[in-house]
Amino acid sequence: MINRIPIPRQRLTEVLRIEGMSKVFKHKNHSITALKNIHCTIYQGEMVAIMGTSGSGKSTLLNMLSAIDEPTEGAIFLFGKQANAIYQEPRASNFRKENIGFIFQSFHLLKDLSVEDNIALPLILNDVASREIQERVQQIMEKLGIAAWHKHRPHELSGGQQQRVAIARAIITNPPILLADEPTGALDFNTTNDILNLLVQVQKEQTQTILLVTHDPHVATFADRVLFFHDGTIVDSYQNERSPHDLDMILSKFKAVSRGEY
């Protein structure tokens, strides 16, 4: 595991602040509360792991933060400015394009495009000049160690290689926030460690803010901080100390969450 010294909180820039966020899905004869009065702040260059059982509100939170769905109550602040007017098109699409990079468990690469074309896609959608696209794609492929596969299609790559391409695509536009939804869920242990170390490298070199959803306590040890969700609320948290003790603490807290002890 990479040994990193946590940056004092007061020296960090606030990237994302959530105040009183709730989400209620209303059906004909009943309603379901997916999020209940969420308050949290995420800082620049911080990797925060979000853990919880299925149905605890993790995916709903990501949908709110990426303007895919609108909260019933609450406010979102981006770099200190309220951003609640982002949930109607075309503002929602523009918000995602300018501020969010996505990494998924199943990679979501376009199968008919080469590695370099998959990575270039966000720049193409942003109307970046062709020459600049070529330069930036080449730079990021070299940085992430995937330049040798630039003409390959996704089906010609291993799972770990595909996830490296997906990470390159997610960060090519330098988004302030990177949302990683179970990014190692389809990978074996060794490949998982490779991808997590790569995310830590990106976090360190680009001061990248990362929200990482996971069910795996081992994955959560790579984060700076862990938020534990249960029944739509944040019920606990843990600040990693970069020691073997972290895994035991995260596992203990996650077991308590899974048993509904909060």
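## Helix 5 and helix 6

The crossing of helix 5 and helix 6 is right-handed (the near helix is turned clockwise from the far one by less than a right angle). Helices here are DSSP runs of H or I with at least four residues, numbered from the N terminus. This is a predicted model, in which local features need pLDDT of at least 70 and side-chain atom pairs count only at pLDDT 80 or more, while totals for chains, interfaces and linings use all residues. Residues are numbered from 1 along each chain as its sequence is written, and side-chain values use heavy atoms, with hydrogens and water left out.

Axes are lines fitted to C-alpha atoms over the stretch in contact, with angles from 0 to 180 degrees between N-to-C directions. Contact (heavy atoms within 4.5 Å) involves G160, Q163, R164, I167 and I171 of helix 5, and T191, D194, I195, L198, L199, V202 and Q206 of helix 6.

## Helix 3 and helix 5

Helix 3 (residues 115-125) packs against helix 5 at an angle of about 25°, with the axes 7 Å apart. This crossing, too, is right-handed. From helix 3, V115, N118, I119 and P122 make the contact; from helix 5, V165, A168 and R169 do.

## Around V226

Beyond its neighbours within four places in sequence, V226 is in contact with A49, M51, A220, D236, S237, Y238, N240 and I250.

How values were computed: Helices (H or I, at least four residues) and strands (E, at least two) are DSSP runs, numbered from the N terminus.
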